[in-house]
Amino acid sequence: MKQVIRIIGGMYRGKKLHFPDVEGLRPTPDRVRETIFNWLMHDIREAHCLDAFSGSGALGLEAFSRRAARVVFLEQSPKAHASLQKIIAAFNSPKLKLLQTDAVQYLQRVQEEFDIIFLDPPFAQTYLPQCIAHIAQSNILKRGGLVYVESPSMLHLDEKIWRQIKLKQAGQVVYALFEKLI
């Protein structure tokens with residue numbers, strides 16, 4: 001697999017992003033990112049976004065390219081973090097912030113509020129239920145905020161807390177957009 005992806009829309013359309021070979025890192029493919037950002041086209045501008053499990057940074061940098069007001073990237077892997085640090089430094093923007101941290105622990109303690117959260121954790125781990133629970137029980141995602149999730153299986157979230165807006169499958173990946181109701 002080539003270790004390069006490109007930003008597909010917005011101000012930095014066509015910009016190539018190189019990323020390291022890290023176990024479990026699988027950047028969201030162009031076609032899926034195009035679909036996601038079509039879903040988000042009316043919400044992304046001026047949004048405060050969190051790209052948990054950033055990996056290559058594809059989702060957060062796509063959001064930034066499409067005029068998100070702020071993007072916080074979380075990446076635990078030293079190799080992926082170092083690569084992201086170089087990429088983000090090249091943009092030279094105070095709107096981008098990278099933290100080397102465990103995303104689950106960050107979601108438990110953070111006080112910042114976001115409009116959109118991208119959750120694309122390594123599929124070999126079972127991070128999604130914990131992350132969704134933390135987001136549901138806290139104010140990290142504002143009411144009416146959106147969470148984008150990639151998963152190896154169909155997602156069923158509590159309908160009292162989440163409204164499914166979109167859901168699709170591409171190969172072995174189920175991806176969905178949910179709105180936080182409370």
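A salt bridge is defined as a side-chain nitrogen of Lys or Arg within 4 Å of a carboxyl oxygen of Asp or Glu. By this rule, 7 salt bridges are counted. The model is predicted, so local features need pLDDT of at least 70, side-chain atom pairs count only at pLDDT 80 or more, and totals for chains, interfaces and linings use all residues. Residues are numbered from 1 along each chain as its sequence is written, and side-chain values use heavy atoms, with hydrogens and water left out.

Asp30 takes part in two of the pairs described here. Asp30 forms a salt bridge with Arg6, with the closest N and O atoms 3.4 Å apart. Asp30 lies in helix H1 (residues 30-39) and Arg6 in strand E1 (residues 4-6), so the pair ties together parts that are 24 residues apart in sequence. Helices (H or I, at least four residues) and strands (E, at least two) are DSSP runs, numbered from the N terminus. Asp30 is partly exposed at 27% relative accessibility, and Arg6 is partly exposed at 37%. Buried means under 20% relative accessible area, exposed over 50%, and partly exposed in between (1.4 Å probe, protein chains only).

Asp30 also forms a salt bridge with Arg33, with closest N and O atoms 2.5 Å apart. The two residues are 3 apart in helix H1, and are therefore separated by about one helical turn. Arg33 is buried, at 1% relative accessibility.

A further salt bridge joins Asp115 and Lys142, at 2.9 Å between the closest N and O atoms. This pair links distant parts of the chain, 27 residues apart: Asp115 in strand E6 (residues 114-119) and Lys142 in strand E7 (residues 141-151). Asp115 is buried at 17% relative accessibility, whereas Lys142 is partly exposed at 32%.

Through shared partners, salt bridges join Arg6, Asp30, Arg33, Glu62 and Arg66 into one network.
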